[in-house]
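Student: I have a structure open and would like to learn how to read it. Could you walk me through it?

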Amino acid sequence: MSILEIKNLSYKYGVGTPFEIDALDNISFSVEKGEMVAIIGHTGSGKSTLIQHFNALLKASEGQVLLEGKDINESRESAHKARFRVGLCFQYPEYQLFESTVYKDIAFGPANMGLDKAEIDRRVRKAAEFVGLKESMLDKSPFDLSGGEKRRVAIAGVMAMEPEVLIMDEPAAGLDPRGRKVILDLIKNYREKTGSTVIIVSHSMEDVASVADRIIVLNKGRVAFNDSVEEVFSHEKELREMGLNIPQITKIFSELRSFGFNLSGNVYTVDDAAEEILRYLHKGGN
Amino acid sequence: MIKDITIGQYFPGDSFIHKLDARAKLIVVFLALVEIFLCKNFLSLALVVLFAIVSVAISKISFRVVFKGMKMIYFIIVLTSILQIFYNDEGTVLLDWWKIQITTGGIFTAIFMAIRIICLILVSSLLTYTTSPTTLTDGISRLLSPLNKIKVPVDTLAMMMTIALRFIPTLIEEIDKIMNAQKARGADLDSGNLVQRAKALIPIFIPLFVNSFRRAYELAFAMECRCYNGNNKRTRMKQMKLSWRDAVAFVIIAVMLAGIILLNHFFGAVI
Ligand SMILES: Nc1ncnc2c1ncn2[C@@H]1O[C@H](COP(=O)(O)OP(=O)(O)OP(=O)(O)O)[C@@H](O)[C@H]1O
Ligand SMILES: [Mg+2]
């Protein structure tokens with residue numbers, strides 16, 4: 001059974017006002033256990049709206065969200081429980097820190113789950129270590145940290161709940177290239193170590209191409225593609241019409257192939273590219 | 001939920017009322033409010049009701065939106081009316097039970113008060129529905145500019161008000177976002193007793209305040225970098241000009257005043 005299944009989901013903002021808009025329109029797909037799925041779309045395509053349905057923060061106008069086959073909106077309790085099973089880390093999570101110390105802030109989620117002190121402590125330390133926060137930082141005020149560090153604290157706060165499904169909304173937004181890589185590697189690591197299902201939201205193909213098993217492309221509140229990375233990238237023209245770009249290095253390689261070089265099609269990062277070129281040269285140019 | 005509050009919201013448009021000069025509109029609305037209080041019987045009140053309904057119709061803002069925005073005030077209206085029923089003991093007695101006595105006079109005043117409050121809200125909310133907050137504060141500061149002479153920093157106050165108004169939607173949006181983020185971490189905001197609920201608000205309000213202060217600093221720096229200085233005589237990109245429309249509005253309000261005085265004089269008073 002899929003861990004998460006979305007069935008004919010539609011959502012409208014501002015119903016009954018002059019500002020009513022269709023944010024989501026008849027969305028269906030499912031996510032398997034342990035999978036890493038990327039949801040991609042242009043600004044305003046409905047990504048953030050969509051993922052807020054996965055832990056019952058928003059209730060669909062139509063359609064269902066099934067968590068291991070059970071409708072999460074069945075009752076108030078099931079909706080509340082879903083919050084712990086589906087961990088959602090919002091866009092710019094650093095602006096939601098509030099506690100007096102980093103430790104307490106990371107402990108907020110686990111404490112709400114009603115865990116005992118020892119278990120909370122174990123989880124907080126584990127999550128902090130995971131995102132690369134030093135022990136000495138745990139007693140600092142979260143407001144004294146740098147932007148990137150705050151982001152890590154916020155991510156640790158969600159990871160400490162050890163959700164079965166971890167959803168990250170634009171985890172790398174607003175960071176420099178190195179910061180982006182650190183955060184993305186961290187998420188990749190998290191999945192490898194825990195075997196959790198991860199859904200990562202982004203509008204940058206570059207960020208997710210090398211980490212995701214599957215890409216779901218949203219366009220104006222609808223699913224435009226739902227396929228493997230390779231397959232989605234082969235629709236370059238349609239993607240561009242949706243305001244999305246495939247990674248530059250992938251584009252260069254597809255150009256090279258059209259010139260007759262026998263190169264692989266799934267090259268998404270510069271490292272992949274270097275490897276592929278070396279392989280090609282070793283083989284002696286065929 | 002929190003987004004349903006429409007009082008104070010601005011609905012852009014290009015109706016006759018939208019196009020009135022902000023200063024003129026402020027004065028006209030003020031006079032209209034005074035006139036609503038001058039009404040003494042149902043006939044003069046009918047004149048005011050007519051004025052309010054026609055104004056809303058002209059503004060092209062749907063009645064549904066206007067009445068939906070008043071939702072929160074229905075309670076106050078009902079409460080005031082009920083109090084009126086008990087305070088007035090004129091007219092024939094309809095019900096006499098223990099210490100409570102309901103009379104026709106009481107019923108009439110209750111209805112009168114309800115209609116009067118609805119008119120007050122209708123007219124004053126029309127002001128904010130049809131005037132953008134910046135234009136409105138601009139209008140207020142222009143009307144109050146004579147106070148500059150007695151060293152009241154009208155322009156600075158107006159700028160503060162403009163900024164405050166400008167950030168209300170931002171704050172509402174942010175509260176929504178932070179609430180969702182904390183709920184995602186299992187915060188339970190809508191159950192438990194009063195103390196628990198108040199405690200549950202801490203994770204909402206601390207980030208809200210921190211972010212607001214941060215934004216305030218950033219805004220202040222940005223304004224200073226562009227050499228903002230409250231004392232300078234500032235000019236405006238959009239000059240305010242009175243037009244024939246404003247004259248028409250003043251004539252209507254004057255005629256209504258005359259009508260109310262006449263109707264009050266020739267027919268009996270309810271209150
Ligand atoms: N709280 C809200 N009230 C009304 N409309 C909203 C609200 N939040 C989002 N919208 C609208 O819904 C649509 C989808 O927004 P959403 O935030 O889901 O986009 P997104 O794909 O996450 O974009 P981004 O990449 O900028 O984060 C947009 O048109 C947006 O204007
Ligand atoms: Mg978003």
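This is a predicted model: local features need pLDDT of at least 70, side-chain atom pairs count only at pLDDT 80 or more; totals for chains, interfaces and linings use all residues.

Student: Is A:Glu276 buried or exposed?

Tutor: The cut-off for buried is under 20% relative accessible area. A:Glu276 has 10%, so A:Glu276 is buried.

Student: Which side chain makes a polar contact with the side chain of A:Glu276?

Tutor: That is A:Arg279, at 2.8 Å. A general idea is handy here: an α-helix has 3.6 residues a turn, so residues three or four places apart point the same way.

Student: Now the interface. How many residues of chain A are in contact with chain B?

Tutor: On the chain A side there are 25, in contact with 23 residues of chain B. Between them the two chains bury about 2000 Å², with 59% of that on carbon and sulfur atoms. In chain A, the residues that lose the most area to chain B are A:Tyr95, A:Gln96 and A:Phe98, together 27% of what that side buries.

Student: What does the rule find across the interface in salt bridges and polar contacts?

Tutor: For salt bridges, it finds one between chain A and chain B. The side chains of A:Asp105 and B:Arg185 meet in a salt bridge, 3.0 Å from N to O. The elements giving two or more residues to the chain A side are helix 2 (76–85) and helix 3 (102–112) of chain A. By type, the residues on that side divide into 13 nonpolar, nine polar and three charged.

Student: How do I check the length of a helix, say helix 10 of chain B?

Tutor: Compare the expected span with the distance between the end C-alpha atoms. Helix 10 of chain B covers residues 202–225, and at 1.5 Å a residue its 24 residues should span 34 Å; the end C-alpha atoms are 34 Å apart, so the two agree.

Student: What do the buried residues of helix 10 of chain B pack against?

Tutor: They pack against helix 3 of chain A, together with helix 8 (154–184) and helix 9 (194–200) of chain B. The buried residues of helix 10 include B:Ile204, B:Leu208 and B:Arg215. After helix 10 of chain B comes B:Cys227, with a positive phi near 65 degrees.

Note on methods
Residues are numbered from 1 along each chain as its sequence is written. Chains are lettered from A and ligands numbered from 1 in the order in which they are written. Side-chain values use heavy atoms; hydrogens and water are left out. Contact means heavy atoms within 4.5 Å. Buried area is the accessible area (1.4 Å probe) that two parts lose on being put together, summed over both. A salt bridge is a side-chain nitrogen of Lys or Arg within 4 Å of a carboxyl oxygen of Asp or Glu. Helices (H or I, at least four residues) and strands (E, at least two) are DSSP runs, numbered from the N terminus. Ala, Val, Leu, Ile, Met, Phe, Trp, Tyr, Cys and Pro count as nonpolar, Asp, Glu, Lys and Arg as charged, and the others, Gly among them, as polar. The expected span of a helix is 1.5 Å times one less than its number of residues. Buried means under 20% relative accessible area, exposed over 50%, partly exposed in between (1.4 Å probe, protein chains only). A polar contact is a pair of N or O atoms within 3.5 Å; within protein, one must be able to donate a hydrogen and the other to accept it, and residues adjacent in sequence count only if both atoms are side-chain atoms.
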